[in-house]
Amino acid sequence: MSMIAAFYGGKSILITGATGFLGKVLMEKLFRTSPDLKIIYILVRSKAGQTLQQRVFQILNSKLFENIKEICPNVHEKIRPISADLNQHDFGISKEDMEELLSSTNIIFHCAATVRFDDPLRHAVQLNVTATQQLLLMASQMPKLEAFIHLSTAFSNCNLKHIDEVIYPCSVEPKKIIDSMEWLDDAIIDEITPKLIGDRPNTYTYTKALGEIVVQQESENMNVAIIRPSIVGPTWQEPFPGWVDNLNGPSGIIIAAGKGFLRSIRATPTAVADLIPADTVVNLTLAAGWYTAVHRPKSTLIYHCTSGNLNPCNWLKMGLHVLATFEKVPFEKAFRRPNADFTTTNFTTHYWNAVSHRVPAIIYDCYLRLTGRKPRVLKLMNRLLRNISMLEYFINRSWEWSTHNTEMLMSVLSPEDQRIFNFDVRQLNWLEYIENYVLGVKKYLLKEDMAGIPEARQHLKRLRNIHYLFNIALFFIIWRLLVARWQMARNVWFFIVSFCYKFLSYFRASSTLKL
Ligand SMILES: CCCCCCCCCCCCCCCCCCCCCCCCCCCCCC(=O)SCCNC(=O)CCNC(=O)[C@H](O)C(C)(C)COP(=O)(O)OP(=O)(O)OC[C@H]1O[C@@H](n2cnc3c(N)ncnc32)[C@H](O)[C@@H]1OP(=O)(O)O
Ligand SMILES: NC(=O)C1=CN([C@@H]2O[C@H](COP(=O)(O)OP(=O)(O)OC[C@H]3O[C@@H](n4cnc5c(N)ncnc54)[C@H](OP(=O)(O)O)[C@@H]3O)[C@@H](O)[C@H]2O)C=CC1
């Protein structure tokens, strides 16, 4: 019997961010391995015109949860959405709901966050710092609480090269930052943001670092652990390979490259692509929840959930295998044939952005205009290039994360738990994983049918022919212009024509002799 699965049996679990990418994988695994758990409370806000119930219904009826109804037939009763907005005071939770949460919760998994890199500091602080502080305050009033697990990121200290499983201080205390957000106006906050984030690349990594300090400061007498995943990719094995449902990390780039929009990206080919599968993160999170509650370590343990030090893969290997997979499973309705390369200098990046990205976009927009449609490709391209520039920091550097706590946790698990809650990334076969990643993007993100592959191949052949025709036409136009204006070009042209003529005459003469 799995000790971890048994531990979650009969428990009341509170999850924030359950509607997010990791939150959904976490819930699915909990229901699959501990169907006898008592209840999962999820803090959900109504969004995009959907009520809480509709959002839960959508999750439970998704492909990810396909097998759960068999394993846990009363799953609908065991999931209790609580209307909450983490941006509001007390999360806007009703008195009755709050009472129930405070009196019943045994375990908290805090996954909610803003993961956007370009969020204004005020919003990022509100969600990643203030909401964490408020949740800890709630947690401190929960008599039955056994463990509080906080999801952070391995990049919260990305300003360092070597990162240990410790909490690093920030130059300004989180409490001061929280207070200042109350009275500073937006213009001043925007002005001081670069100074506050210092050598971190964005408000996301900065506020996640502040969030960790808050966890350390506000968790007195609580059993707390922090999980720091690197770049979370689709599922590796469970419940099935390749599941992904958002554009974060490399997924958006894979779509852009597979659809032929993205032809080059500034990246360091040898830099470590520190991806970690979502199910690996969830397994470690659940194991850490069990360990924190049962073994009650004296201090807050931080677990690095990274792949680079145990089973490194670099961006070149990843890029090449992504491109190779496009050959096998092409995406539908590509703009151009997928063919991308890495650039490493400012000059080549700007050059290829102009030649391979903006010029084709302008040509296509002209075509749209001529056919009476609204031009939109250049706008889309500029947005894509802007978005990619925000990710560049992470694909041009490598980090070393120590993983002592994670390895310790692995070693204390029973063989059965090591199997059921496997987070040993050394067993990951990157080529297989990347192939499933591209397939997952096609199936679950783009919602493309595998039956459409022959048509997609035909479309790519047509694009190749258009590409050849375009190049030939371009060559002749340029040549014609050169010949018309430049004596040297005329001489070369004359030389080539007379050479071809002599060659053909010789060929014809020798074949006549043979006859
Ligand atoms: C010798 C031969 C050599 C050959 C070499 C071969 C090379 C081959 C190269 C290419 C092939 C394919 C390559 C694959 C691998 C290579 C490179 C991979 C790069 C990966 C980069 C990863 C970096 C991630 C680092 C993460 C570190 C921290 C991790 C965490 O802790 S948190 C999770 C990460 N968070 C994120 O990733 C959030 C990032 N996103 C944002 O911040 C925002 O979404 C935004 C990017 C700022 C965009 O904001 P907007 O307001 O403009 O957009 P919005 O979100 O509203 O969406 C607007 C439209 O844009 C689309 N979109 C959104 N996100 C992305 C995205 N990431 N990429 C592309 N497009 C995106 C979105 O769909 C919207 O479109 P619309 O709906 O049509 O309008
Ligand atoms: N994905 C990654 O690559 C990595 C993620 N992490 C960390 O893992 C955690 C989960 O990330 P991930 O699942 O990818 O993120 P998602 O963006 O997919 O999910 C974020 C979740 O937070 C919820 N949320 C956001 N704002 C509010 C709000 N005001 N009130 C209530 N809920 C809110 C969202 O709800 P809604 O659906 O309503 O928007 C959603 O459920 C985060 O803490 C992140 O920092 C760490 C490293 C890498």
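Trainee: At what angle do helix 7 and helix 8 pack?

Mentor: An angle like that is taken between axes, which are lines fitted to C-alpha atoms, for helices over the stretch in contact, and it runs from 0 to 180 degrees between N-to-C directions. Helices (H or I, at least four residues) and strands (E, at least two) are DSSP runs, numbered from the N terminus. Here helix 7 and helix 8 (residues 174–183) pack at about 125°, and their axes are 10 Å apart. That makes helix 7 oblique to helix 8; angles under 35 degrees count as roughly parallel, over 145 as roughly antiparallel, 65 to 115 as roughly perpendicular and the rest as oblique.

Mentor: Before going on, keep in mind that this is a predicted model: local features need pLDDT of at least 70, side-chain atom pairs count only at pLDDT 80 or more, and totals for chains, interfaces and linings use all residues. Residues are numbered from 1 along each chain as its sequence is written, while chains are lettered from A and ligands numbered from 1 in the order in which they are written.

Trainee: Which way does helix 7 cross helix 8, left-handed or right-handed?

Mentor: A crossing is left-handed if the near helix is turned anticlockwise from the far one by less than a right angle, and right-handed if clockwise. Helix 7 passes helix 8 in a left-handed crossing. On the helix 7 side you'll find Arg-122, Val-125, Val-129, Thr-130 and Gln-133, which meet Pro-174, Ile-177, Ile-178 and Met-181 of helix 8. Contact here is a C-beta criterion: those atoms, placed from the backbone, lie within 7 Å. By class, that contact has six nonpolar, two polar and one charged residues. For the classes, Ala, Val, Leu, Ile, Met, Phe, Trp, Tyr, Cys and Pro count as nonpolar, Asp, Glu, Lys and Arg as charged, and the others, Gly among them, as polar.

Trainee: And how do helix 7 and helix 10 cross?

Mentor: The axes of helix 7 (residues 121–139) and helix 10 (residues 203–217) come within 9 Å and cross at roughly 20°. That makes helix 7 roughly parallel to helix 10. This crossing is right-handed. Among the residues making the contact are Leu-121, Ala-124 and Val-125 of helix 7, and Thr-203, Tyr-204 and Thr-207 of helix 10. Its classes come to nine nonpolar, six polar and one charged.

Trainee: Now the ligands. Which residues are closest to ligand 1?

Mentor: A residue is near a molecule if its C-beta atom, placed from the backbone, lies within 6 Å of it. For ligand 1 the shell has 35 residues, and the closest are Thr-153, Asn-248, Gly-252, Gly-319 and Phe-394. The elements giving two or more residues to it are helix 11 (251–258), helix 13 (315–328), strand 12 (341–343) and helix 15 (377–395). The shell divides into 25 nonpolar, six polar and four charged residues.

Trainee: Why does Lys-259 count as partly exposed?

Mentor: A residue is buried if 20 or more other C-beta atoms lie within 10 Å of its own, exposed if 12 or fewer, and partly exposed in between; the C-beta atoms are placed from the backbone. Lys-259 counts as partly exposed because it has 18 C-beta neighbours inside 10 Å. Lys-259 lies in the loop between helix 11 and strand 9 (264–266). Leaving aside neighbours within four places in sequence, Lys-259 is in contact with Phe-331, Ala-334 and Phe-335.

How values were computed:
Contact = placed C-beta atoms within 7 Å.
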